[in-house]
Amino acid sequence: MTPPLNIAADDEDAYLTLSIAGVGINLFLTALVTDMSFAVEELEQNDPQFANDGNAFTEAYALVDITFGAGTVFGPLISGVLYETTNWAITYGVLAIFTFSGSLPVMLYTRGSPPKKHDDSNA
């Protein structure tokens, strides 16, 4: 008979933090892909030579998929090595640095939602 699981306080904090990070990534990814579509469409309209072969959307989505896939492969490996060699505080710190460094380009290069056009003809 196996003994009951004894989850340490550090493990509970890790589960909570990683769960919050996972929800945040999913919320962020939805907005990123939507804004990426608008950006590719705008680039195609402004520069007809930008996507001469018609693969701009394909290349943009491939870039997102490749980087997200690399993160899901290397992220757990790096965090596992950090946890085994140091502690959770260092692992959280590195996660915070990666999160902050990834949010800078988003804050600098993404725009707000396009303004909505109101139809006042029915008023």
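## An aromatic cluster

Pairs between rings join Tyr83, Trp88 and Tyr92 into a cluster. In this predicted model, the count of aromatic pairs comes to two. The ring centres of Tyr83 and Trp88 lie 4.5 Å apart and their planes meet at 35 degrees, so this pair is described as tilted. The reasoning rests on the angle, because planes under 30 degrees apart would count as stacked and planes over 60 degrees apart as edge-to-face, with the rest called tilted. In general, a pair of aromatic rings is described by the distance of the centres together with the angle of the planes.

## The overall fold and its confidence

The protein chain contains three helices and zero strands, and when it is read along the sequence, the pattern is α-α-α. These helices are α1, covering 9-46, α2, covering 56-85, and α3, covering 88-109. Of the 123 residues in the protein chain, buried residues make up 10%. Among the contacts between residues at least 6 apart in sequence, 57% join residues that are at least 24 apart.

The average pLDDT of the protein chain is 78, and 80% of the residues score at least 70. Among the elements, the lowest mean pLDDT, 81, belongs to α1, while the highest, 87, belongs to α2.

## The largest pocket

The largest pocket holds about 1700 Å³ of space. Its lining is made up of 45 residues, and those that lie nearest the centre of the pocket are Ile25, Phe28, Phe68, Gly71 and Phe98. Each of the helices α1, α2 and α3 supplies at least two residues of this lining, and the largest share, 18 residues, comes from α2.

Sorted by class, the lining of the largest pocket has 30 nonpolar residues, 13 polar residues and two charged residues. In general terms, rolling a probe the size of a water molecule over the atoms shows where empty space is left.

Ser37 lies in helix α1, and with a relative accessibility of 18% Ser37 counts as buried. When residues up to four places away in sequence are not counted, Ser37 touches Phe57 and Tyr61.

Leu43 also lies in helix α1, but Leu43 is partly exposed, with a relative accessible area of 41%. The C-alpha atoms of Leu43 and Ala56 are separated by 9.2 Å, and these two residues are 13 residues apart along the chain.

Conventions. Residues numbered from 1 in each chain as written. Predicted model: local features only at pLDDT ≥ 70, side-chain atom pairs only at ≥ 80, totals over all residues. Heavy atoms only, no water. 1 Å grid on protein atoms, 1.4 Å probe; cavity = no way out; pocket = protein on both sides within 12 Å on 5 of 7 lines; lining within 4 Å. Points joined across faces, edges and corners; volume = space filled by probe spheres on them. Helix = DSSP H or I, 4+ residues; strand = E, 2+ residues; numbered from the N terminus. Nonpolar A, V, L, I, M, F, W, Y, C, P; charged D, E, K, R; others polar. Phe/Tyr/Trp six-rings, centres within 6.5 Å; stacked < 30°, edge-to-face > 60°. pLDDT = per-residue confidence, 0-100. Buried < 20%, exposed > 50% of the residue type's maximum accessible area, 1.4 Å probe, protein only. Contact = heavy atoms within 4.5 Å.
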